[in-house]
Amino acid sequence: MEGDRISYHESVRKVYQRIKKDGMDNIWDRYEAQGLGAPDKRCPFCQAGVRCDLCSNGPCRADAAKDKKGVCGIKADGMAMRMMLLRNVMGASTYHYHTEQTIKTLRATAGKKTPFQIKEPGKLKDFAKRLGVSTAGSIDKIAIRLCDFAEADFNRKLDEPSKIVEALAPNERKELWRKLDIFPGGIHGEMMFAASSCLTNVDGYYQSLALKAMRLGVAMAYQSQIVNEYCQDVLYGIPRPHKMRVDLGVLDPDYVNVLPNGHEPFLGFAMVQLARKPEWQEKARDTGAKGLRVIANTETGQEMIQRWEMDSTFYGFTGNWIMQEAVLASGCVDLFACDMNCSMPIDPVYAQRYKFKLIPVSELVAFEGITDRINYEPEKAEEQAARLLQMAIDNFKVRRASVEPVTQLPMREAVVGFSTESILEALGGSLAPLLGAIKDGTLRGVAGLVSCTTLRDHGQDVHSVRVAKELIKRDILVLSMGCGNGAMQVAGLCSPEAKEFAGPGLKGLCEKLNIPPVLSYGTCTDTGRLADLLGAVSAALGGVPMPDLPVAAVAPEYMEQKATIDAIFALALGLYTYVNPVPTVTGAPNLVKLLTQDCKGVTGGLLSVETDAVKAVDGILAHIEVNRKKLGI
Ligand code: SF4
Ligand code: SF4
């Protein structure tokens, strides 16, 4: 595998050479071994989503053209949608696991039992008010009340409508969701409802399964994502724009480098707080290092860098999950602390070869052959962070004595930390300038790029960068989230100089507001935050229905199960939703028709699937222009 099939980023391509030279097992070669080539040698039934092994009668393969069904009688459409719903359940439950850890952390912080403080009392009060939670009494009391309220809602019965969704979602959507019977109860019950529907001989009807997926998506977006991100803002700060070093050049072998990885930022923040203290820097220097650094990675990294400024200790951000083996093979890592997701099963092999400590910090995460672990507990966060830092310091000499590092890797600065609040601040306190720019055509519209990174069609981030460049060229402002956001930052599109790739309208706006054409808007969990922003835009435009806004959801490189529930939610929200690679549903003709055509008449949302970046953006722009006409702008 060479060039563009590896990665968009020069840094990753460079370390790939080292990985090859060292004879290491790696993601690119493993991908190739699965059958990459023309034609793709993988099973066509699996690729089309019409294969099932849920019960002992299987594995079964369905073929819609021949009316060949599973042994139980399920058709291709039901088989493909049922598997999609199961993916959605996994995605929702992982998002929600993170949310519950955040609520635990907020509760313990309000009880003065963690090293954290409530950084944003104003946001806490505003959020409590929106949810109908009393704001009387001390900040700590409000926080505890909010935690109680959220947890009660998570546990609400299926037939009791969620108060969180009721409080946060736009009225027009709520009415529609009620009409479609997809207004959810508590997320726990919704996950049970969705998973139980997937059992053999329970629900084999693709339309019913698709509606259940949307119902779960609505519960997940409002109860898991928004509650999670807003409570993390309360604890660690509302994201505000600032510069951040990015790419593999942030790794310097002469420092003790500690890398939190995954999606939950708790121990990462606790480690930065400690590592900023002179005594910890001293300890690192005593072992022969120049100092101690915490380096952000993947989505844990996005959660951290959007909220906290860089300095000599919290040094920078490497990139998204596919470049993980390149990070680990750099020879600069002393400790990789792995929370909830995005740490690869191959990591122990890299830990052994490149001499770093691989430590799961969540009860969810496990690796073959790794017995050390520290399961995050909010009340013990400081002590746990100290143990992790000490392990890294103890590792430094071992690594330096035995591993040749890769040096001279590139680094740049990206502007990160856009949130609804900070966008409003940048606009002078109201959405009016942004809406004005959309109304007068300076901006044609806005794309929420919520994406992962995948090797399925191209190398890491190649297609995401192509799509984003094509969007900004056509004066569409991009808000980027998820691992796709890491792609944008490392590729330079979140830097002010990227305005040169933008069309004249967007370029002028970037110059006027001093912003990049791609606004770094956080993680994939910030999809909920984006939905909330769209609700505010719709209200500011006088209640324009979601499907009529000049906006689109864009996922050029969706990958895992969390991404699938994001896309389903975008459909429930009524958005034009571009996804790539082609989802594994193509063997299900009625389901494909439902998602790509008929859904428009149900929720107003539509799935667009296109592998070519230019054609994909043609479709997005055409949708935006139709909506502009509808709005008379
Ligand atoms: S659930 Fe149906 S399609 Fe799936 S393995 Fe069993 S019989 Fe086959
Ligand atoms: S869902 Fe996608 S964006 Fe989110 S953490 Fe996983 S790979 Fe990254």
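**Cysteines, a sheet and packed helices**

Tutor: Cys-510 has a relative accessible area of 2%, and it is therefore buried. Please keep in mind throughout that this is a predicted model.

Student: Which cysteine holds the sulfur closest to that of Cys-510?

Tutor: A disulfide requires two cysteine sulfur atoms within 2.5 Å, and the structure holds 0 disulfides. For Cys-510 the separation from the closest cysteine sulfur is 11 Å, which is too far for a bond, and that sulfur belongs to Cys-494.

Student: Is Cys-483 buried or exposed?

Tutor: The cut-off for a buried residue is a relative accessible area under 20%. Because Cys-483 has a relative accessibility of 6%, it counts as buried.

Student: In what order do the strands of the open sheet lie, and which strands stand at its edges?

Tutor: The open sheet is formed by 6 strands with parallel pairing, in the order β12-β11-β10-β13-β14-β15. Two of these strands have a single partner strand each, so one side of each is left without a neighbour in the sheet, and these edge strands are β12 (518-520) and β15 (606-609).

Student: How many bridges join β14 to β15, and which residue in β15 stands opposite Val-579?

Tutor: Strand β14, residues 576-579, runs parallel to β15, and the two are joined by 4 bridges. Across from Val-579, the residue in β15 is Val-609.

Student: Which strands of the sheet does helix α22 touch?

Tutor: Helix α22 packs on the sheet with its direction at about 145° to that of β11. The strands touched by α22 are β10, β11 and β13.

Student: How are α10 and α22 oriented to each other?

Tutor: The axes of α10 (residues 206-236) and α22 (residues 527-540) come within 7 Å and cross at roughly 95°. Angles of 65 to 115 degrees count as roughly perpendicular. The two helices, α10 and α22, are therefore roughly perpendicular to each other.

Student: Which residues of α22 meet α10?

Tutor: On the α10 side, the residues in the contact include Tyr-222, Ile-226 and Asp-233. By class, the contact of α10 with α22 has 5 nonpolar, 3 polar and 4 charged residues. The α22 residues that meet α10 are Thr-527, Gly-528, Arg-529, Ala-531 and Asp-532.

Student: Leaving aside its neighbours within four places in sequence, which residues is His-96 in contact with?

Tutor: His-96 lies in helix α4, residues 76-110, and its relative accessibility of 2% means that it counts as buried. Apart from neighbours within four places in sequence, the contacts of His-96 are Phe-154, Ile-187, His-188, Met-191, Gln-223 and Ser-224.

Definitions and conventions
Residues numbered from 1 in each chain as written. Chains lettered and ligands numbered in written order. Predicted model: local features only at pLDDT ≥ 70, side-chain atom pairs only at ≥ 80, totals over all residues. Heavy atoms only, no water. Axes fitted to C-alpha atoms, helices over the stretch in contact; angles between N-to-C directions. Parallel < 35°, antiparallel > 145°, perpendicular 65-115°, else oblique. Contact = heavy atoms within 4.5 Å. Nonpolar A, V, L, I, M, F, W, Y, C, P; charged D, E, K, R; others polar. Buried < 20%, exposed > 50% of the residue type's maximum accessible area, 1.4 Å probe, protein only. Pairing = 2+ DSSP bridges.
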